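Visitor: I would like to go through this model term by term. Please set each label against its rule.

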Amino acid sequence: MPERDNVPTPEGRLMKIGIIGAGNIGGNLTRRLTALGHQVSIANSRGPHTLSALAEETGATPVTVEEAADGARVVVVTIPLKNVPDLPKGLFGKAADGLAVIDTGNYYPKERDGRIDAIEEGLTESRWTEQHLGHPVIKVLNGTYAQDLLDRPRPEGAPDRVAVPIAGDDAAAKQLVRELVDELGFDTVDAGGIDDSWRQQPATPVYGLRGNKAEVTEALAAAPRERPAAHSAP
């Protein structure tokens with residue numbers, strides 16, 4: 001794929017984007033972002049050789065996890081929460097200036113991740129992830145159905161355009177990610193900083209909601225601060 005780096009186009013800025021995690025969300029983001037013209041590197045825990053089919057389908061470049069952020073303006077971390085501490089140190093050392101890191105992760109203590117004490121004691125899931133990554137994150141698309149990334153993009157202003165909440169402390173990174181989500185065909189609603197991102201965690205009204213901006217705003221406001229017992233570690 002030809003080299004592209006922040007080249008202005010009528011559709012937006014074409015960027016180098018790294019995706020760590022090739023599950024349902026990671027795979028479909030790879031499909032959408034390459035179709036939009038972005039230069040995508042994709043990595044998973046099993047190695048580049050396991051990503052040949054996705055690379056052939058999309059034109060993305062399979063890389064190691066250690067290489068995923070090299071030169072990237074945006075990195076998407078979309079792996080099971082329990083695996084975040086296993087990511088290599090210095091992961092973003094060769095990333096582009098002004099890097100925005102997207103966190104799509106969720107804490108599932110009973111189904112997958114086991115107990116994480118800091119989260120059970122009130123730390124937001126993305127703040128915990130941010131602390132392990134050593135870089136600010138933007139939480140978005142964590143409550144989006146993977147298939148919706150392919151099936152539900154709509155042009156700006158469409159009456160059935162879905163909105164998604166977005167949280168983060170870095171204003172410039174958040175704006176960049178909002179523009180990218182808009183390019184993907186979805187509206188965004190600012191959910192505040194990372195310490196406010198509990199409003200979009202699993203078992204909240206906005207989680208999995210296919211709503212417009214007004215409905216997402218209302219759902220964020222209705223979120224209970226206490227973690228539901230059904231979504232807490234035993």
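Guide: Two strands pair if DSSP finds at least two bridges between them. Strands (E, at least two residues) and helices (H or I, at least four) are DSSP runs, numbered from the N terminus. The model is a predicted one, where local features need pLDDT of at least 70 and side-chain atom pairs count only at pLDDT 80 or more, while totals for chains, interfaces and linings use all residues. Residues are numbered from 1 along each chain as its sequence is written, and side-chain values use heavy atoms, with hydrogens and water left out.

Visitor: What makes strand β4 (residues 39-43) and β5 a pair?

Guide: Two bridges join them, in the parallel sense, and the rule asks for at least two. In β5, Pro-62 is the bridge partner of Ile-42.

Visitor: Which strands form the open sheet, and in what order?

Guide: The order of the eight strands is β5-β4-β3-β6-β7-β8-β9-β10, with mixed pairing. β5 (61-62) and β10 (187-190) each have a single partner strand, so one side of each lacks a neighbour in the sheet and they count as edges. Helix α8 (residues 213-221) packs on this sheet and touches β9 (163-168) and β10; contact here means heavy atoms within 4.5 Å. The direction of α8 makes about 30° with that of β10, where axes are lines fitted to C-alpha atoms, for helices over the stretch in contact, and angles run from 0 to 180 degrees between N-to-C directions.

Visitor: Why are both faces of strand β7 (residues 100-103) called covered?

Guide: Ala-100 and Ile-102 on one side, and Val-101 and Asp-103 on the other, are all buried, that is, under 20% relative accessible area with a 1.4 Å probe and protein chains only. As for neighbours, β7 pairs in the parallel sense with strand β6 (residues 74-77) over four bridges, and Ala-100 is the partner of Val-74. Strand β8 (residues 138-140) runs parallel to β7 and is joined to it by two bridges; there Lys-139 partners Asp-103.

Visitor: What makes a space a cavity, and what makes it a pocket?

Guide: On a 1 Å grid over the protein atoms alone, a cavity is a set of points where a 1.4 Å probe fits but cannot get out. A pocket is an open set with protein on both sides within 12 Å along at least five of seven lines, and lining residues have an atom within 4 Å of a point. Grid points are joined across faces, edges and corners, and a volume is the space filled by probe spheres set on the points. The count is three cavities of 30 Å³ or more.

Visitor: How do you know which residues line the second largest cavity, and what is their class?

Guide: By the lining rule, the residues are Leu-29, Leu-33, Val-76, Ile-102, Leu-141, Leu-180, Val-181 and Leu-184. Leu, Val and Ile are on the nonpolar list with Ala, Met, Phe, Trp, Tyr, Cys and Pro; Asp, Glu, Lys and Arg count as charged, and the others, Gly among them, as polar. The division is therefore eight nonpolar, no polar and no charged. This cavity holds about 50 Å³, and α7 (171-184) gives the most to its lining, with three residues.

Visitor: How does the lining of the largest pocket divide by class?

Guide: It has 14 nonpolar, 16 polar and three charged residues. The space is about 700 Å³, and among the 33 lining residues Gly-23, Thr-78, Ile-79, Pro-80 and Arg-112 lie nearest the centre.

How values were computed: Buried means under 20% relative accessible area, exposed over 50%, partly exposed in between (1.4 Å probe, protein chains only).
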